[in-house]
Amino acid sequence: MPAWLGLFKTFGLMVALAFLGAAWATGQELKRKARAGLLHAEYRKMVVGKPASVGDLLFSVVVGFVLGFKVGGVMGHLADVSPDPMGYLLSGSGNLMIGIAGAAVSGIWQYLEKKKQQLPEPQIKTMKVFPHDMMMEIIMVAAVCGLVGAKIFNALETWDDFVKDPIRNLTSSSGLTFLGGLIVATAGFYFFCRKHHIPFKHMCDAAAPGIMLAYGIGRLGCQLSGDGDWGIYNTAYITTPDGSLRAALPADHVYTMHAIGFTDHAFVQAPGWLPRWLFAMNYPHNVGHEGMTIQGCVGEYCSVLPVSVFPTPVYEAVTCILLFWLLWRLRSRLSGTLKMFGAYLILVGVERFLVELIRVNYKYDLGFIHPTQAEIISVLLVIGGAWLLLFYKDKSPAQQPVPLEDLPPDEGN
């Protein structure tokens, strides 16, 4: 495989698609709510015709330098970068000369563009900006807060692994806890909405279907990359030296128990009318370097699990994409404030609680029960969602629809 293909990691691609899907769905819902008079425009004053300021030039120079520095490094050391592009981006490695050239080009381009737009007398223009026009800002908030939260909560879930190598754990492209990302991203959305005077309750309703879609697509990334987010062992199948799976025999019992370390497991053979991969996968070439080495494999990712596991990312991906379709169909029927968000919380809480029954996760010792972090959060989500659906009443005055000329075309959504 050419070295440059290693730059396009499956997990990163699916995360990008997840954000794009969420952006589309949320944008459509924000637009629909604006038409119903639930969301209003923010008026922003903008100065046009000014020459480039020192701040403008400095920002362009810094961005140009970073891009040139990193891209130049990739061009010169492609074979070294492709196995771990995330580690390279977070390192101090790069090409200094190309970085300086990039800074110069970016700074000059910014100066000339501002010069072209310069007016004899700068003017102040007022722009009407609706929430759906802020999707780029919203996506940035979701990306930063979601990834930070997912990493922090994953570190708490896998504390023993985290303390062994915290830097690698935090910078790795694998190891993301969705519920942690959801909590921190929600907090980020709250402060974003306060800053721009957007009713947070309507933002929650608008974002609910998109978040469910993003979760389903993101789980496809977990499945394709083999990032460790799989289920408990299914000892009905074991791995051969070349990385393929075969049915376990009674004589394999001692090897199997040794391979899995006597951890949680089940013995489930796939029925003849269903594909085996629905019950058993061993994730060859997984990004977490989990398991044993594949015989004859050469390269960065040569690990495979010695015993099959339940492919929980597949279950979650299919379930959440179907739940997105359900929420999308219900979005005009659940018209009450926070009813859509309440339904989302219940669905995602139940879905995650059920999959936790066959997932590998750290369990807390609470005496007579031993829940995982995700099970605790899932129960709280279901309780919160049920309260919103059954008891929450919006006391805000009724809103009037916004004139059609103030909004973009409906686009049939």
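**Terms and the values behind them**

Author: Histidine 285 sits in the loop that lies between β5 and β6, and, as everything here comes from a predicted model, what follows describes that prediction.

Reader: Why is histidine 285 called partly exposed?

Author: The relative accessibility of histidine 285 is 41%, and the term covers values between the buried limit of 20% and the exposed limit of 50%, so histidine 285 counts as partly exposed. Histidine 285 also has a positive phi of about 60 degrees, although it is not a glycine.

Reader: What is the phi of tyrosine 283, and is tyrosine 283 buried or exposed?

Author: Tyrosine 283, which is not a glycine, has a positive phi of about 45 degrees, and its place is in the loop between β5 (265-266) and β6 (292-293). Its relative accessible area is 5%, and buried means under 20%, so tyrosine 283 is buried.

Reader: What makes α12 roughly antiparallel to α13?

Author: Helix α12 (residues 312-330) and helix α13 (residues 339-356) pack at an angle of about 165 degrees, their axes being 11 Å apart. Since angles over 145 degrees count as roughly antiparallel, this angle makes α12 roughly antiparallel to α13. The crossing in which α12 passes α13 is right-handed.

Reader: Which residues make the contact between α12 and α13, and what classes do they belong to?

Author: On the α12 side the contact includes Thr312, Glu316, Cys320 and Leu323, while on the α13 side Met340, Tyr344, Leu347 and Arg352 are among the residues taking part. By class, the contact of α12 with α13 has 10 nonpolar, 2 polar and 3 charged residues.

Reader: How do you know that tyrosine 344 is buried?

Author: Tyrosine 344, found in helix α13, has a relative accessible area of 0%, and because the limit for buried is under 20%, tyrosine 344 is buried. Between tyrosine 344 and phenylalanine 324 there are 20 residues of separation in sequence, and 9.0 Å in space from C-alpha to C-alpha.

Reader: Where in the chain is confidence lowest, and where is it highest?

Author: The chain averages a pLDDT of 83, with 84% of the residues scoring at least 70. Confidence is lowest in helix α3 (residues 78-81), at a mean of 59, and highest in α12, at 95. Over residues 1-8 the pLDDT is below 50, and this stretch has 12 contacts in the model beyond near neighbours in sequence. Where pLDDT is low, predicted coordinates should not be read in detail.

Methods
Residues are numbered from 1 along each chain as its sequence is written. This is a predicted model: local features need pLDDT of at least 70, side-chain atom pairs count only at pLDDT 80 or more; totals for chains, interfaces and linings use all residues. Side-chain values use heavy atoms; hydrogens and water are left out. Axes are lines fitted to C-alpha atoms, for helices over the stretch in contact, and angles run from 0 to 180 degrees between N-to-C directions. Helices (H or I, at least four residues) and strands (E, at least two) are DSSP runs, numbered from the N terminus. Angles under 35 degrees count as roughly parallel, over 145 as roughly antiparallel, 65 to 115 as roughly perpendicular and the rest as oblique. A crossing is left-handed if the near helix is turned anticlockwise from the far one by less than a right angle, and right-handed if clockwise. Contact means heavy atoms within 4.5 Å. Ala, Val, Leu, Ile, Met, Phe, Trp, Tyr, Cys and Pro count as nonpolar, Asp, Glu, Lys and Arg as charged, and the others, Gly among them, as polar. Buried means under 20% relative accessible area, exposed over 50%, partly exposed in between (1.4 Å probe, protein chains only). pLDDT is the predictor's confidence in each residue, from 0 to 100.
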